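Good morning, and thank you for the time.

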Amino acid sequence: MTRFGDFAPLCTNTPSYTWCNLFYRQLSSDSSLKSILTGLSADANSAPVGINPVCGIAKAGTTIDGPHQGTEKSLGNIANIVVCAVSMLVILGLVVASQKRKAAVGRVELRNLLILYFLTLPFQLLTTGSFLAQGSTALVALTAIHAGLVAAFFWALLMNALIATQKIEDGTPAALVPYLLFCAAFFAGTTYIAFDVGLGITTALGPSNDPRELRSIPLFVLTSIWPAVAAILYFGIMTYIVLAVLNETRPMWYYILSAGLFVLSQLAWFLLGKVICEVSNILLDFSILLLPAHTAHSTPGYLTAVTARSSVETGI
């Protein structure tokens, strides 16, 4: 029976589910639990991301026996690498463009949001690219930092919406201090919990009493529940601003498109990721579409933030 905070179903059925790297280390570091790692996860040197995944991309430079596996050496998650690189270029372009929009509300905060998202991309590449051996300390460290950046990003997203209400003057200490302080708190807290899960430093915030359960409520809340809550609140606040305060309709379509991309990409990742992996003979998984959807999800919000609000303020 699946309980709140269980990662086992996700690590088995969702290819390239990042946080599973932490649980692999949890199991592989204990000789009495290594027998749990079977099938594609049996050999840490070639194991894909996940815990006994139904389908997964083997570590770069290795081959792996199993269903849907080819006979040639794996290139790693090469599609994810390409998509990450393109996404980084897109976000860099948005960062530069945001600097030129002097009239936009929350310009500094928006730039910081884009920079935070940009920082998640190389970690996404390294933690899901099948470059590093499963169970390695390096992979645990990179995954923990990635988790911290994701949690901080969604606070920054929510804070951008709050600043857009103009109840707090943007670019001032009143806006930037809580913005940066809570970003640091989310990053530090989530990173610590992720390290605790992977390395088993304590049992209070880290592994469950029985590591075989692959369960961590704090990690689940900060990497799954919190992002969803922050995204919903962001959409609600921006809907109020665009429709009630600005009395605009066209920018709202950007936000609807953005929200739709975010929701559909998440659903497709969980529901279609395994199918894409199997059909492509483990050459691809849904991360090739998930990341572009998330990057595209950032773009409509940017366009609305630096055009609609600034145009109303300046009377354009």
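I shall begin with the basis of the model and then turn to the helix H6.

This is a predicted model, in which local features need pLDDT of at least 70, side-chain atom pairs count only at pLDDT 80 or more, and totals for chains, interfaces and linings use all residues. Residues are numbered from 1 along each chain as its sequence is written, and side-chain values use heavy atoms, with hydrogens and water left out.

Helix H6 covers residues 173–199, that is 27 residues; helices here are DSSP runs of H or I of at least four residues, numbered from the N terminus. From first to last C-alpha H6 reaches 37 Å, close to the expected 39 Å, where the expected span is 1.5 Å times one less than the number of residues. Glycine 200 follows H6, with a positive phi near 65 degrees.

Which residues of H6 are buried? Among them are Tyr179, Cys183, Phe186, Thr190 and Asp196, buried meaning under 20% relative accessible area with a 1.4 Å probe, protein chains only. The buried residues of H6 pack against H2 (20–28), H4 (107–128), H5 (137–164) and H7 (217–245).

Consider H7. H6 and H7 pack at about 130 degrees, with their axes 9 Å apart; axes are lines fitted to C-alpha atoms over the stretch in contact, and angles run from 0 to 180 degrees between N-to-C directions. That angle makes H6 oblique to H7, because angles under 35 degrees count as roughly parallel, over 145 as roughly antiparallel, 65 to 115 as roughly perpendicular and the rest as oblique. The contact (heavy atoms within 4.5 Å) involves Phe186, Thr190, Ile193, Ala194 and Val197 of H6 with Pro218, Leu219, Leu222 and Trp226 of H7.

Notes. Helix = DSSP H or I, 4+ residues; strand = E, 2+ residues; numbered from the N terminus. Buried < 20%, exposed > 50% of the residue type's maximum accessible area, 1.4 Å probe, protein only.
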